[in-house]
Amino acid sequence: MVFINEHYLKLPGGYIFPEIARRVDALGRADPAAAQRIIHCGIGDVTEPLPLVAVSALNAAAAELSRRETFRGYGPAVGYGFLQECISRHDFRERGLQIDASEIFVSDGAKGDCGDILEILGPGNHVAVADPVYPVYVDTNVMAGNTTALCTDGGYGGLMYLPCTPENDFVPAPPKSEKAELIYLCYPNNPTGAMISREQLSEWVEYAMANDSIILYDVAYQAYISEPDLPRSIYEIPDARSCAIEFHSFSKNGGFTGVRCGYTVCPRSVTGRTREGRRVGLHELWTRRFQTRSNGVSYVVQRAAEALYTPDGQKQVAALIEHYLGNARILREGCRRLGLTVYGGVHAPYVWVACPEGVDSWGLFERLLEEANVVVIPGAGFGRCGEGFVRISAFNTRQNVEEVVRRLAGMKM
Ligand code: PLP
């Protein structure tokens, strides 16, 4: 008999997506014609084809592997030097940020990294997460044993929930007295579509420095930031090199959700400590973890990621972002015309829509499903403070988005 990790049993077993699927199925059985018309605006997966530069790079790299002289087997666990150097230069050094190529860890995406980072951090850290939140941060802490069982109020004991509401523009302020060792922040934000200001991010860095905490900063949607003054990286804030690890993804800029590539920045100056109080660099532990657990991301994929940084690549990525942000604008305007209050969708591909008076997030989900045959995500699925909102994803074709807005126009709220 083998013992299992019982912390997994604390997870409610993916409530939101099965429940959405059940309700969509029910509509299909009751009204097959409506089921044919359904447009999915729920899941945050890209719809547009890969940039041509990435396709060419994939083909060229595959051709290299087909010849004995240029064949490559195992690559470096933390990523090929050509990609680490390219990232360090374009994403950081050219913007005046001191991030060395050796501080870049190439992976198969940000989702895995956001969870795996807990492996090099000990038990007993007090963890702060936003509410509503990208569920991966919460679930991986549950799996790691950093929480109690699910409480009747829908939250887990052991986590500090930071409410994100219209009152604070969906950006929580650091707690006044309570101390969190580990803080997850994600801007542009999934699910609210909100963005953080430089001042607000500075407050968090000051908090982390004052409390010897670490900020886990997720910038999977960085490419959607459409004002130059907003912080694209936490390392734009002085001192962040000593207290922040940053997660990046090529999924939402280069359309790599299926190709799979991302990276983590773990500066050499970020440290944790042992129970006895000895300081240890997390860069050392994260490197060790990669060397033991990974044989790296495939060569062809890393060449495709590199291609996104070429001048043509940058143009093609910009065109994709423009497409999805254009969708977000159309969705925002469509919802507003319906009299709904709308947030997000300016620096992010998500539109966060407040439910009308007296309707909860499942209620608005139902109405949109039945009356417009449009699937969104009820905000309650992202946390208690998500109640009263739905998330509409702008990852779609233009044709679908225009059709969604036409259908919304026929509804009465
Ligand atoms: N982080 C956030 C906030 C996300 O919303 C997502 C995907 O939806 C990810 C990370 C996952 O990124 P990747 O595809 O690189 O694993």
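Predicted model: local features only at pLDDT ≥ 70, side-chain atom pairs only at ≥ 80, totals over all residues.
The protein is divided into two domains, with domain 1 comprising residues 11-40 and 313-409 and domain 2 comprising residues 54-309. The centres of domain 1 and domain 2, taken over C-alpha atoms, are separated by 27 Å. At the interface, 38 residues of domain 2 are in contact with 26 residues of domain 1. About 2,600 Å² is buried between domain 1 and domain 2, and carbon and sulfur atoms give 64% of this area. On the side of domain 1, the most area is lost to domain 2 by L11, H347 and R384, which together account for 30% of what that side buries.

Helix α10 covers residues 311-337, and helix α12 covers residues 398-409. The axes of α10 and α12 come within 9 Å and cross at roughly 5 degrees. Since angles under 35 degrees count as roughly parallel, α10 is therefore roughly parallel to α12. On α10 the contact is made by E322, H323, G326, N327, I330, L331, G334, C335 and R337, and on α12 by R398, V401, E402, V404, V405 and L408. By type, the residues of this contact between α10 and α12 comprise seven nonpolar, four polar and four charged. The length of α10 was also compared with expectation. At 1.5 Å a residue, its 27 residues should span 39 Å, and this agrees with the 39 Å between its end C-alpha atoms. After α10 comes G339, which has a positive phi, near 90 degrees.

Most peptide bonds are trans, and most residues other than glycine have a negative phi. Against this background, a cis peptide bond joins D131 and P132, with omega about 5 degrees. P132 is found in the loop between β3 (127-131) and α6 (135-143). A cis peptide bond also joins Y187 and P188, where omega is about 0 degrees. The loop that holds P188 runs between β5 (182-186) and α7 (198-211). F170 is not a glycine, yet its phi is positive, at about 65 degrees. F170 lies in the loop between β4 (159-163) and β5.

A further loop, between α3 (52-65) and α4 (81-92), contains G75. In sequence, G75 and G296 are 221 residues apart, whereas their C-alpha atoms are 6.2 Å apart in space. When neighbours within four places in sequence are left aside, G75 is in contact with Y80 and N295.

Key:
Residues numbered from 1 in each chain as written. Heavy atoms only, no water. Axes fitted to C-alpha atoms, helices over the stretch in contact; angles between N-to-C directions. Helix = DSSP H or I, 4+ residues; strand = E, 2+ residues; numbered from the N terminus. Parallel < 35°, antiparallel > 145°, perpendicular 65-115°, else oblique. Contact = heavy atoms within 4.5 Å. Nonpolar A, V, L, I, M, F, W, Y, C, P; charged D, E, K, R; others polar. Expected span 1.5 Å × (residues − 1). Domains from an automatic or database assignment. Buried area = accessible area lost by both parts, 1.4 Å probe.
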